[in-house]
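Here is a short briefing to read alongside the model. Keep the sequence and the 3D view open as you go.

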Amino acid sequence: MDRLPLTTVAGSAAAASLEGGGRVVDTYKKALATAASVAAYAMLARGMARELLPEELRAAVRWGAAFVRARLGAGDKERHTIVIRRQFDTGCYSENHLFDAARAYLATKIDPRAMRRLCLARSRHKEPDGTSSWSTLMCMDDGGSTTDAVDGVEFRWTSIETGGDDGKKGKGHRTPRETLELSFDAEHTDVALERYVPFIMSTAEQLQRLDRALKIFMNESRSWHGINHHHPATFDTLAMDPALKRAVLDDLDRFLKRKEYYRRIGKAWKRGYLLHGPPGTGKSSLVAAMANYLRFNLYDLDLSEVRLNSALQRLLIAMPNKSILVIEDIDCCFDAKSREDPKMPVSAADAGDSSDSSDDDGPPGKADHTGAHKQQNVTLSGLLNFIDGLWSTSGEERIIVFTTNYKDRLDPALLRPGRMDMHIYMGFCCWEAFKTLARNYHLVDDHVLFPDIQELLAAVEVTPAEVSEMLLRSEDADVALRVLTEFLQNKRRKARKEETEIKNDEVEKAM
């Protein structure tokens with residue numbers, strides 16, 4: 001039987017071993033090259049994502065990654081827990097506002113379909129004027145839990161009751177203490193304390209402001225007295241130029257977001273608005289719409305009730321933050337030229353017209369007579385000192401609104417930025433304002449009379465209040481629009497007649 005030499009077999013095995021090792025080295029090199037390419041592409045993609053993707057989308061991706069990690073095996077991580085008790089013992093039991101804020105916040109996050117047990121509470125709040133408001137709150141029962149995620153970090157909430165006597169009653173009976181526990185990964189402790197908890201407080205405060213009944217306060221002597229404010233005006237129902245309406249809304253939104261900006265530039269966090277225009281153009285309605293939009297209480301300052309600058313300062317300091325100060329018909333409160341020439345008399349024409357410079361239907365001359373008697377010691381400088389002087393920092397997040405029918409009568413010191421930052425002209429009814437009124441009153445967006453009305457509005461000056469009155473004459477849209485058309489036609493005929501008479505007078509004078 002033939003046999004191969006042993007040397008030949010050994011040489012073949014060595015050659016095969018070398019060839020296999022070379023393949024392994026080549027495979028390893030290819031793997032390293034592929035990994036390097038993947039890493040390079042990953043770095044490139046990360047850089048492009050940071051430059052091109054918005055922060056909201058990146059936060060959503062981070063949250064998704066954290067959610068996957070939490071579900072795939074990060075259970076052995078160290079966890080921290082914050083205990084939020086409803087009451088804390090400081091000699092006498094005190095309410096914990098953080099507990100109330102957390103419960104109000106969680107009410108917006110609880111999914112009733114995902115929880116087997118829920119607590120439902122309905123409370124009645126009685127207002128000082130005798131009216132009542134009801135509120136409903138949904139919260140977790142003892143042992144219930146839910147999760148929340150903010151900026152990619154997951155937080156777990158659990159409701160616990162401790163310290164009860166298992167249903168026993170009597171003198172020594174102890175009521176169970178309600179507690180909320182907030183759990184999270186230890187690595188996110190700074191996020192929980194520095195960002196999440198303040199976020200809960202601010203959100204709860206905003207929810208409370210949205211649910212509360214707005215109030216309007218009036219000054220009597222040196223104090224404020226308020227009643228519920230139910231004015232239905234909103235920016236959606238406001239009859240004004242759409243571009244101007246959008247500008248006001250954008251300005252209010254920008255103001256609310258600029259707390260740190262105002263602090264950085266060293267200015268008081270406040271904003272001043274001047275609403276000017278003929279009577280009946282919607283100045284008061286705009287103020288009410290601003291209050292409803294911001295959910296700020298109104299403080300209607302009647303300067304005729306204030307005798308001294310010191311009393312004025314006390315009133316303004318007593319105003320809380322997040323409020324709107326309204327001074328109507330500011331042109332009637334002070335002599336327009338009082339700072340330039342205190343001795344300059346008011347002209348007879350101005351004195352006669354001042355009684356008509358209010359949107360109210362009160363008796364003519366009331367503002368002037370009362371002001372002459374009571375305002376002799378309240379100066380324009382005293383008001384300006386609070387609006388833009390050293391006293392302007394006594395509160396923050398305040399809106400100051402002045403209204404006037406005669407802007408040209410105001411002292412220039414009142415008009416400059418920092419006191420009246422945005423001047424809003426409330427003019428006569430335009431076509432877009434009319435369409436808003438027609439939609440409000442009769443739910444119509446188009447009508448056969450609309451072209452005629454549009455032509456008439458361009459030819460005559462009519463206030464939104466006058467248009468509203470005509471639209472109120474009938475609940476039938478056809479009848480109401482016909483009444484309005486006839487009213488506008490009469491105004492155009494009257495305007496043409498007056499124009500003709502003026503021309504005739506000029507011709508006679510020229511002859």
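Predicted model: local features only at pLDDT ≥ 70, side-chain atom pairs only at ≥ 80, totals over all residues.

Residues are numbered from 1 along each chain as its sequence is written, and side-chain values use heavy atoms, with hydrogens and water left out.

- Strands in the order 1-8-7-6 form an open, antiparallel sheet of 4 strands; helices (H or I, at least four residues) and strands (E, at least two) are DSSP runs numbered from the N terminus, and two strands pair if DSSP finds at least two bridges between them.
- Strand 1 (79-85) and strand 6 (145-150) are the edges, each pairing on one side only.
- From one strand to the next, the twist averages 25°.
- Strand 1 and strand 8 (residues 177-185) run antiparallel and are joined by 7 bridges; Arg 79 has Asp 185 of strand 8 as its bridge partner.
- Helix 3 (residues 97-107) lies across strands 1, 6, 7 (153-162) and 8, at about 70° to strand 8; axes are lines fitted to C-alpha atoms, for helices over the stretch in contact, and angles run from 0 to 180 degrees between N-to-C directions.
- Helix 4 (residues 189-211) also packs on the sheet, touching strands 1, 6, 7 and 8, and its direction makes about 70° with that of strand 7.

- Strand 9 (residues 215-220) and strand 12 (residues 297-300) are parallel, with 3 bridges between them, and Phe 217 stands opposite Tyr 299 in strand 12.

**The nonpolar cores**
- The largest nonpolar core has 28 residues, and those with the most contacts inside it are Trp 224, Leu 301, Leu 312, Leu 325, Ile 327, Ile 330 and Phe 402; such a core is a set of buried Ala, Val, Leu, Ile, Met, Phe, Trp, Tyr and Cys residues joined through side-chain atoms within 4.5 Å.
- Elements giving two or more residues to this core include helix 8 (309-317), strand 13 (323-327) and helix 11 (380-388), with helix 11 supplying the largest share, 5 residues.
- Beyond its neighbours within four places in sequence, Ile 327 is in contact (heavy atoms within 4.5 Å) with residues including Leu 301, Leu 383 and Phe 402.
- A second, separate core of 27 residues includes Phe 255, Ile 324, Val 326 and Val 401.

**Arg 271**
- Arg 271 belongs to strand 11 (residues 270-276).
- Arg 271 and Asp 421 are 150 residues apart in sequence, yet 6.6 Å apart in space, C-alpha to C-alpha.
- Contacts of Arg 271 beyond four places in sequence include Asp 251, Tyr 262, Arg 398 and Asp 421.

**Helix 7**
- Helix 7 (residues 283-294) is largely enclosed by the rest of the structure, because 9 of its 12 residues are buried; buried means under 20% relative accessible area, exposed over 50% and partly exposed in between (1.4 Å probe, protein chains only).
- Among the buried residues are Lys 283, Met 290 and Asn 292.
- Just after helix 7, Arg 295 takes a positive phi of about 60°.
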